[in-house]
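Here is a friendly walk through one protein model. Please keep the sequence and the coordinates open as you read.

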Amino acid sequence: MRWVLIALLVGCNAPERIASNAGDIRTLAESSRSRFVGHDDPAGVAEQTDIIEKAAAISVDATLVDPRSPAWQGTLELALWAALAIAACVILWQTGLGAMLRGVFGWIPQRQRSAAKLLREAVDNPNQIREAAAAVRTADPLINAAWKG
């Protein structure tokens, strides 16, 4: 998972990185130029001045760079969102909230509807208790396992 985060961070804003690096180069060149001035080296001063000017030009040109993200980054983000949605659904279902949401939206499977119908009939007619118990066991494997255990 760590490589996914690194891959997303690699697609950061290129113009900002370019301008930041140019600023760092300029700071280092200014420091170096002051040392050349202290040693009375005009060639070194001229070279550092040239580096400072080029770093300034790079900072200006960085504003003209079109920041584009890599083509694979959009696909990777989409895959991550899909994985997150699937994980959320699995968590909802496994915690029991999925069954509650099914009831809220009115989606009840046909096997459970028929089991509920038989239970209603068993309340009215005690002779149908066996059929109701069999239907409930058939509709829910966990109840069936608990019944046998």
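The notes below cover a pocket, a pair of packed helices and a few individual residues.

This is a predicted model, in which local features need pLDDT of at least 70 and side-chain atom pairs count only at pLDDT 80 or more, while totals for chains, interfaces and linings use all residues. Residues are numbered from 1 along each chain as its sequence is written, and side-chain values use heavy atoms, with hydrogens and water left out.

Let us begin with the pocket. The largest pocket holds about 220 Å³ of space, and its lining consists of W93, G96, A99, R102, Q112, D140 and L142. By class, that lining has three nonpolar, two polar and two charged residues. A pocket here is an open set of points on a 1 Å grid over the protein atoms alone, where a 1.4 Å probe fits, with protein on both sides within 12 Å along at least five of seven lines; lining residues have an atom within 4 Å of a point.

One of the lining residues, G96, follows helix α4 and has a positive phi, near 95 degrees. Helices are DSSP runs of H or I with at least four residues, numbered from the N terminus. Helix α4 covers residues 71–94.

Next comes a helix pair. Helix α7 (residues 129–139) packs against helix α8 (residues 141–148) at an angle of about 120 degrees, and their axes are 5 Å apart. On the α7 side, A133, V136, R137 and A139 take part, meeting P141, I143, N144, W147 and K148 of α8. This contact has six nonpolar, one polar and two charged residues. Contact means heavy atoms within 4.5 Å, and angles run from 0 to 180 degrees between N-to-C directions.

Three further residues are worth a look, and the table gives their relative accessible areas.

| Residue | Relative accessible area | Class |
|---|---|---|
| E77 | 34% | partly exposed |
| D40 | 67% | exposed |
| N21 | 45% | partly exposed |

Buried means under 20%, exposed over 50%, and partly exposed in between, with a 1.4 Å probe and protein chains only.

D40 sits in the loop between α2 (14–38) and α3 (42–62). Although D40 is not a glycine, its phi is positive, about 55 degrees. Most residues other than glycine have a negative phi.

N21 belongs to helix α2. N21 and A55 are 34 residues apart in sequence, with 8.7 Å between their C-alpha atoms. E77, in helix α4, is 29 residues from G106 in sequence and 34 Å from it in space, C-alpha to C-alpha.

How values were computed
Points joined across faces, edges and corners; volume = space filled by probe spheres on them. Nonpolar A, V, L, I, M, F, W, Y, C, P; charged D, E, K, R; others polar. Helix = DSSP H or I, 4+ residues; strand = E, 2+ residues; numbered from the N terminus.
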